[in-house]
Amino acid sequence: MNKVENSFLNKNQFGEDFLWGVSTAAFQIEGAHDADGKGSSIWDVFTSQKGKIKNDHHAITACDFYNSYQTDIDLIRELNIPNFRFSISWPRIMPTGVHPVNQAGIDYYNKIIDSLLESGIEPWITLYHWDLPHALEVKGGWTNRESVTWFSDYAAVCAHYFGDRVKNWMVINEPSVFTGAGYFLGIHAPGKKGISNYLKAMHHVTLATAKGAKVLRNAIPDANIGTTFSCTHIEPATQNAKDIEAAKRVDTLLNRTFIEPILGLGYPQKDLPVLKKLNNYILEDDLNNLDFHFDFIGLQCYTREVVKSSLLIPYIGAELVSADKRNVISTEMGWEVYPPALYHVLKKFNEYKGIKKIIITENGAAFADTVTNGKVFDIKRTHYIQDHLEQILKAKEEGLNVEGYFVWSLTDNFEWAEGYNARFGLIHVDFNTQKRTIKNSGLWFKDFLS
């Protein structure tokens, strides 16, 4: 029997209260980059620079979700998906990052929220999915301690205008990725480099995560408040002691550095000594202010990384051994297809006593999808989703805490530095015509959720 048709995986096995959803991000889908008073974001500026994005792609139109949101919401309903995660574009509702508010932006998100609710779909808002207003970046962005106040004011605006109908909130998306890629490596917006930029951004983002959550809690007492972290299963390349220690340092950087402070555990400086440099930016009450009791933690896991020791790599003394070099099956992103990674990540994060609930808020795969006779036969993606759901089921059957699964992503979209070259969607988008075609993976997910 074909795996896609197998009857062993059933939605009911996960329990009645298990959450099923699909995820998106504003900059990746909305387009309308300067419509109706929207301000410029750091990604608008970054993508306008030659050579920053593969093939010099940009997101001026993206998936045109700004104008096509009703079409896509109708597709979510058609696919039987009960929960939709989307982000608010900070510069769309606060063009300069601070007051005044742009009413047209508020109206736009109100229309989305109302449409979702009318369609029987629960909205899940992410406050920050990487698109910082450019006007704030001019003032230093996340390297400026004022960013904590800017963000908490923005969170208060969102709570005020949307909190009467939206009960599910995610504060900040994948802080390790946007601080590392954007403020240390310079390969994402805003394109800054250097350890001091990275450490300042890291600390201010962590402070803002807790502060933003507290703003939401005060404004919407009954809200379901979480935040999301990118996480990756890490393994040493060999059982050599140096490789094992290198893997431990990478695991600390990628999986522990951002979550442990908000759990009241502080930064893991002992296992990653470079983090001691954070002490230059930590003020008297900061560590106490980092702690917040989130209702859930969103984990976003796609692959595993294999690590070897390398004296040439500063600060962590380690490098990743690529999937290509290991000759393993990988996606268009070059990420190994390794479903047990999700099980191992769940097991690892279940060891933290301070986490009330875990939801997989992103998981998916990019493959080279094409439309043939009106259909997209993306068997690899269907297998990927099935295999990862089996790992979640294994974790649940062992009693591990995992309460939901959101596929990344609803539609093919602008995939950051990869431009439109990496297609993650359950729905294919022709970026020339904006025509949507539900892929076979989407049809499988629809049947699974029926």
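**Close-up 1. Lining of the second largest pocket.** The second largest pocket is lined by K11, N12, G15, E16, D17, F18, L19, W20, N80, P82, N83 and L449. The model is predicted: local features need pLDDT of at least 70, side-chain atom pairs count only at pLDDT 80 or more, and totals for chains, interfaces and linings use all residues. Residues are numbered from 1 along each chain as its sequence is written, and side-chain values use heavy atoms, without hydrogens or water. A pocket is an open set of points on a 1 Å grid over the protein atoms alone, where a 1.4 Å probe fits, with protein on both sides within 12 Å along at least five of seven lines; lining residues have an atom within 4 Å of a point. Five lining residues are nonpolar, four polar and three charged. Pocket space comes to about 190 Å³, taken as the space filled by probe spheres set on the points.

**Close-up 2. The open sheet β6-β8-β9.** Three strands in this order form an open sheet with mixed pairing. Strands are DSSP E runs of at least two residues, helices H or I runs of at least four. Two strands pair if DSSP finds at least two bridges between them. At the edges lie β6 (233-236) and β9 (318-321), each pairing on one side only. Neighbouring strands are turned by 40° against each other on average, direction ignored.

**Close-up 3. The β6 and β8 pairing.** β6 and β8 (residues 304-309) run parallel, joined by four bridges. I234 has E305 of β8 as its bridge partner.

**Close-up 4. Helix α9.** α9 (residues 195-219) has 25 residues. From first C-alpha to last, α9 reaches 36 Å, close to the 36 Å expected at 1.5 Å a residue; the expected span is 1.5 Å times one less than the number of residues. α9 is mostly covered, with 18 of its 25 residues buried (under 20% relative accessible area, 1.4 Å probe, protein chains only).

Terms used. Axes are lines fitted to C-alpha atoms, for helices over the stretch in contact, and angles run from 0 to 180 degrees between N-to-C directions. Ala, Val, Leu, Ile, Met, Phe, Trp, Tyr, Cys and Pro count as nonpolar, Asp, Glu, Lys and Arg as charged, and the others, Gly among them, as polar. Buried means under 20% relative accessible area, exposed over 50%, partly exposed in between (1.4 Å probe, protein chains only).
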